[in-house]
Amino acid sequence: MNWETVIGLEVHVQLATKTKIFSAASTSFGAEPNTQACAIDLAMPGTLPALNEQAVHYAIMFGLAINAEIGKISIFERKNYFYPDLPKGYQTTQLEKPIVGRGEVAIQLADGSTKSIRIHHAHLEEDAGKSIHEGDLPHGSSGVDLNRAGTPLIEIVSEPDMRNIEEAVAFAKKLHSIVTSIGICDGKMSQGSMRFDVNVSVRPMGSTTLGTRTETKNLNSYKFMEEAIEKEVERQIDLIEDGGTVKQETRLYNGETKVSKAMRSKEEANDYRYFPCPDLLPVIVSDDTIEKLRRALPELPDARQARFVEQYALSKYDAGILSSDANTANFFESVAANASHPKMAANWTMGELSAALNHADLSITESPVSAELLAGMILRIADNSISGKMAKQVFEAMWQGEGNADEIIEAKGLKQVSDNAALEKMVSDVLEVNPAMVEDFIASDENKRKKKLGGFMGQIMKASRGQANPQQVNQILLQKLNELL
Amino acid sequence: MIIERHEIEKLATLSRLSIDEKTITDVTERLSSVLDLVAQLQSADTVSAQGIFRPFQVAQRLRADEVTEGNHRDEFQAIAPATDNGLFIVPKMID
Amino acid sequence: MHNYTIAELVKGLQSKKFSSVELTQHFLSRINRFNGQYNAVITVTADQALQAAYLADQRLAFGSAPALCGVPLLHKDIFCTKGVRTSCGSKMLDNFIPPYNATVVENFEQAGVVMLGKTNMDEFAMGSSNETSFYGPVKNPWATDCVPGGSSGGSAAAVAARLAPGATATDTGGSIRQPAALCGISGLKPTYGRVSRWGMVAFASSLDQAGPMARTAEDCALLLNCMASFDDKDSTCVDLEIPDYSASLNKPVKGLRIGVPKEYFSEGLHPGTEEAVRKALADLEAQGAELVEISLPNSNLSVPAYYVIAPAEASANLSRFDGVKYGYRCENPKDLQDMYCRTRSEGFGEEVQRRILIGTYCLSAGYYDAYYGKAQQVRQLIEQDFVQAFAKVDLIVGPTCPSPAFKFGSKGDDPVAMYLEDIYTIATNLAGLPGMSVPCGMVEGKPVGLQIIGNYFDEARMLNVAHQFQQVTDWHRLMPEGIS
């Protein structure tokens, strides 16, 4: 039988606020355990929540970015369960009246088509702390770090509109692109800034009723998400084909061991006993606030992509890659503005720079090669001062902090030789000392000659220590060889 | 109103309370009498009243996003039951 | 000195008739001498108090001290006090020393008020008799075989026994007014949102409200002037101008329309209590007030609605007591679940556990609509009753509780009998309205309380009427035997 996969996502996005959603403690990443957990975060007796305005505004901005209805009156509720990293014994979240209602997100697929994924709603809530089970802990113990407790999140809940892994990943990446473009999330997946719960079910192809779904929780990379979906689809199909039925359950996927397993049913048997939080009043959002935020909303990825195609004559594909991340797009625009060679700016941003950043595990905002530096180098390529190959050397040196392109070209003596007379002499010298190669060239047929040309080029570039302008050399060489024929 | 013993057990589990065997019958009885009391609510005609009551329909105030809380770990952990290396320590959590 | 009212103490301090240190020493020695009889105070902060008194005297000498500077006071042990154990009457917090002050405590500290110590209370404020305290019951100074009421029984008994001229208290379903009535003192529960809840250990967040206890309405006004403040840290605290509650105390009562709810004089009301309350109403009428019979038709639903909403909120509010961050943790837990369950069952008393179970039940899947949802709707009906009543009258007056102080253990077996103790006080908490109790008579040698319910934020008028009532009566001046 042919099976269709049905996928829905719940995406937790940490908001890039300075403080927690209900306290004035810092949310910055990587602090010593429990140094950023104040009395409210620790749920000390008598403490009360005070709602962070920026968190509310960021949630509204997300709603506006996906064309969603904004909840003019939204309500916080308590979700009750016990866990050591949940200090109050309940999570303050939203259920009946979330701040963001229905909306939609368009995704682009590899075949060039687009698809709309419906958003059911997005709500504000607080993150839990971190439980630590490994490391230097007393025997038989776990540790709790509450620095993360109370970090503002929006949970974005999609409809089950995705039909395969590609769509799910494209959707996840699109959300990443939107939240980073509008600046409400730093997008750092390795720090847990975005985490995914995947709801997966399968059904016979053509069926219109949904199969029983499972939820795999807390995946923190696209890769794990792909793997988890793949494993889960396989598991469900095998199960059904063997005459079994899928049980609605929550599962955990271990990215290290590549194994997913159901959470214990005891934990499953939770009854969250939601009720409106009496410590918080309804959040009322005025039309004024909405309009103000709408006007201040930065350019969205889709609009930016279209503009890049139009303004810089980039391919839709390149424009898509560059615009998917706001920082990358900003960087590219800055390079393009300084170098006035958008195509080269795009290639260098997506190529050499991106590879170097990946290798060093840096984000583009942390790049040792600034947009100005990169633009300076591109100008030297454009005016033939350096070759593409030299440019790689210059880039490497700029990365190491050795200065700007001009300084490096000077210091390394990298300047490209473009003087015609000098180049002609170089070509003549090489031909003269390699009579056998010349003989061989003349004796070869048209096709082979093209290949043999490379041999001469190599010799000449070597003789010039790589500084000869390759286009010019090529031209001179062809001319001289033709004269010999 | 009769509340069943297994229901009490479930409530105790949800509330993380251990009610010992001896008192469970007693608790069942007392809870039932309280639930009889609150069952009177069912007779109320509440068509004119919907949703959650709040004394004043004012809006939630919003706080400026500024860090004003510093590190109070030592002070807080001085009153904690068990800590180690800055962490709160609990019996091993099993997933 | 202990027979002076706070108003008199303020004058005495400002005219240097006595110093704050003398006053503080006097009350500390009274606590030392009499508290054994009543168990009203569970923590005495003598050194701290004397130091604060010394500083208050310096401020007084300087000449520009706030009104209450140098006055000694007791705080209910539900208010977090920096560096001083805040137990909430529970084993769970027997070792809890907060690193911060409640806003109420802070307000008094800023004003130079001297904290003498912390008062006993029903565990987590759940009780109407003070029998649920981990530290043992408080005894009523008027009859030591009787309860002082609850949950602020320690504060009420302490004020009645002149261990302090006033005390802070909290009221979720009657916890200020009922013990004030049973101990023959004055107590006021302000409008919900008038006083900050920050640092006050939460029982039922939508009902809890802090207020003052003292012997007279005039003193309650002085204390409320300091207690009430706008506080950003409590989202439910209302940003409305706070009047000077002392300013309007002397306005005449003449012409005031006083509503008398017929539902508050039905079966279950002790005849002696009814007689005292009727007499008090007649006194007010004699002063020129107009009595108007009114109806609060949904009164009978207030107790059941309360016993859904309060336990539901409490069940969540008390989840933070899990043995992880502070407070009690059981010995040698064998695993995480064992730590949770034993910590909570050993740390909480029976009544607290019962209310957690009820609250959990009312919120659980399949029951929410029938219980919590319904109770919230009933809450609105009760509010509508009051809105309609206040369209016709300025104040509502009736009994504070159905009968005078009862004997220890007499309602112990049946939680419902105990819950009915709050039958006249609960509705105001549900509606968020202010209520107060002032002494209005004696039955069988025990005090009777007169309840005055005001419209939202109309505490000044309630205090005015109570003060005027106390100008023509002297129930508030009576003193229990054996305390001088």
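Is helix H7 (residues 217-227) of chain C largely enclosed by the rest of the structure or left open, and how many of its 11 residues are buried? In this predicted model, local features need a pLDDT of at least 70 and side-chain atom pairs count only at pLDDT 80 or more, while totals for chains, interfaces and linings use all residues. Residues are numbered from 1 along each chain as its sequence is written, with chains lettered from A and ligands numbered from 1 in the order in which they are written. Helices (H or I, at least four residues) and strands (E, at least two) are DSSP runs, numbered from the N terminus. A residue is buried if 20 or more other C-beta atoms, placed from the backbone, lie within 10 Å of its own. By that criterion 11 of the 11 residues of H7(C) are buried, so this helix is largely enclosed by the rest of the structure. Among them are Glu218(C), Asp219(C) and Asn225(C), along with Leu222(C), Leu223(C) and Leu224(C).

Turning to chain A, 16 helices and 15 strands are found. Its radius of gyration is 29 Å, well over the 23 Å that the globule rule gives for 485 residues, so chain A is more spread out than a compact globule. (The radius is taken over C-alpha atoms, and the rule is 2.2 Å times the number of residues to the power 0.38.) The C-alpha atoms fill a box of roughly 90 × 55 × 55 Å along the principal axes, and 44% of the 485 residues count as buried.

An open sheet of 8 strands with mixed pairing runs in the order E5-E6-E9-E1-E10-E11-E12-E13 in chain A; two strands pair if DSSP finds at least two bridges between them. Strands E5 (103-108) and E13 (259-262) of chain A each have a single partner strand, so one side of each is left without a neighbour in the sheet. From one strand to the next, the twist averages 30°. Strands E1 (residues 3-14) and E9 (residues 152-158) of chain A run antiparallel and are joined by 5 bridges, and Val13(A) stands opposite Ile154(A) in E9(A). Helix H1 (residues 53-65) of chain A packs on the sheet, touching E5, E6 and E9 of chain A, and its direction makes about 165° with that of E6(A). Angles run from 0 to 180 degrees between N-to-C directions, with axes fitted to C-alpha atoms, for helices over the stretch in contact.

At the interface between chains C and B, 52 residues of chain C are in contact with 37 residues of chain B, contact meaning C-beta atoms, placed from the backbone, within 7 Å. H12(C) gives the most to the side of chain C that touches chain B, with 11 residues.

Notes: A residue is buried if 20 or more other C-beta atoms lie within 10 Å of its own, exposed if 12 or fewer, and partly exposed in between; C-beta atoms are placed from the backbone. Two residues are in contact if their C-beta atoms, placed from the backbone, lie within 7 Å.
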